[in-house]
Amino acid sequence: RLANLMDASGCFLSLWDEENRRTHPFASAGLEEATYPMMRFEAEQKTFTQSALDAGHTLAIEDVSSTSYADPEIVARFPSKSALVLPLIVRARKLGAVIIAFNETRKFTSEEIEIGEQAAALVAINIEKFQAVEDARQRAATSETLRKAGIAVTEKLELGEATNHIL
């Protein structure tokens, strides 16, 4: 919907791994829709996502072929001429970026940037919500495993038997 709203050629969502400083392609619409989620970027490769998160603000890139915001070999994978890179940051937590791509060179208006930033804020809040739900699910699964281990220990009379059962 964002690609259509902006009359863009494509829209990309990437997630960010802060610990390893690595971009993970997640989803796309339009350009590279089928292949983008399977792409892999090395930690040492500079991406638009990393650049926007490091800058902490939107990057309006009129000519992606001459930008320093991404490694040339990454830029060469896409037919895009211009891009609007919207960082996804919630409460200082870097989540990723939305990249709105255009197959023609264009100048971005302040209105386009504002619309993109509003949409990115909504996307960031939803990603944070989904990640919180997944974290809670994992904690619940861990708690259940520990509960079962506790029951196993109390049911077994012998330490070796209880240890084997837990393992």
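Predicted model: local features only at pLDDT ≥ 70, side-chain atom pairs only at ≥ 80, totals over all residues.

Colleague: Which residues line the largest pocket?

Modeller: The lining of the largest pocket consists of Arg1, Leu2, Ala3, Cys11, Phe12, Leu13, Ala27, Ser28, Ala29, Val98 and Val123. At least two residues of this lining come from each of helix 1 (2–5), strand 1 (10–17) and strand 2 (22–30). The space in the largest pocket is about 180 Å³.

Colleague: How is empty space located in the first place?

Modeller: A probe the size of a water molecule is rolled over the atoms, and this shows where empty space is left. A cavity is a place where the probe fits but cannot get out, whereas a pocket is open.

Colleague: How many cavities of 30 Å³ or more does a search of the whole structure find?

Modeller: The search finds one. The largest cavity holds about 210 Å³ of space. Strand 1, helix 2, helix 3 and strand 5 are the elements that give two or more residues to its lining. In total 17 residues line the largest cavity, and Phe12, Phe48, Ile74, Phe78 and Ile99 are those that lie nearest its centre. Phe12 is also among the residues that line the largest pocket.

Colleague: How do the residues of the lining of the largest cavity divide into nonpolar, polar and charged?

Modeller: Twelve are nonpolar, five are polar and none is charged.

Colleague: Let us turn to salt bridges. How many does the structure hold?

Modeller: The structure holds nine salt bridges. The criterion is a side-chain nitrogen of Lys or Arg within 4 Å of a carboxyl oxygen of Asp or Glu. One of them joins the side chains of aspartate 54 and lysine 94, with an N to O distance of 3.9 Å.

Colleague: Which parts of the chain does the pair of aspartate 54 and lysine 94 tie together?

Modeller: Aspartate 54 belongs to helix 2 (residues 48–55) and lysine 94 to strand 5 (residues 93–102), so the pair ties together parts that are 40 residues apart in sequence. Aspartate 54 is partly exposed at a relative accessible area of 44%, and lysine 94 is likewise partly exposed, at 27%.

Colleague: Are arginine 106 and glutamate 112 buried or exposed?

Modeller: Both arginine 106 and glutamate 112 are buried. Their side chains meet in a salt bridge with an N to O distance of 2.3 Å.

Colleague: Finally, where is threonine 67 found?

Modeller: Threonine 67 is found in the loop between strand 3 (59–61) and helix 3 (72–75). Its relative accessibility is 18%, so threonine 67 counts as buried, the cut-off being under 20%. A polar atom of its side chain lies 3.0 Å from the backbone nitrogen of tyrosine 69. Apart from neighbours within four places in sequence, threonine 67 is in contact with Phe48 and Ile61.

Methods
Residues numbered from 1 in each chain as written. Heavy atoms only, no water. Helix = DSSP H or I, 4+ residues; strand = E, 2+ residues; numbered from the N terminus. Buried < 20%, exposed > 50% of the residue type's maximum accessible area, 1.4 Å probe, protein only. 1 Å grid on protein atoms, 1.4 Å probe; cavity = no way out; pocket = protein on both sides within 12 Å on 5 of 7 lines; lining within 4 Å. Points joined across faces, edges and corners; volume = space filled by probe spheres on them. Polar contact = N/O pair within 3.5 Å; in protein donor to acceptor, adjacent residues only side chain to side chain. Contact = heavy atoms within 4.5 Å. Nonpolar A, V, L, I, M, F, W, Y, C, P; charged D, E, K, R; others polar.
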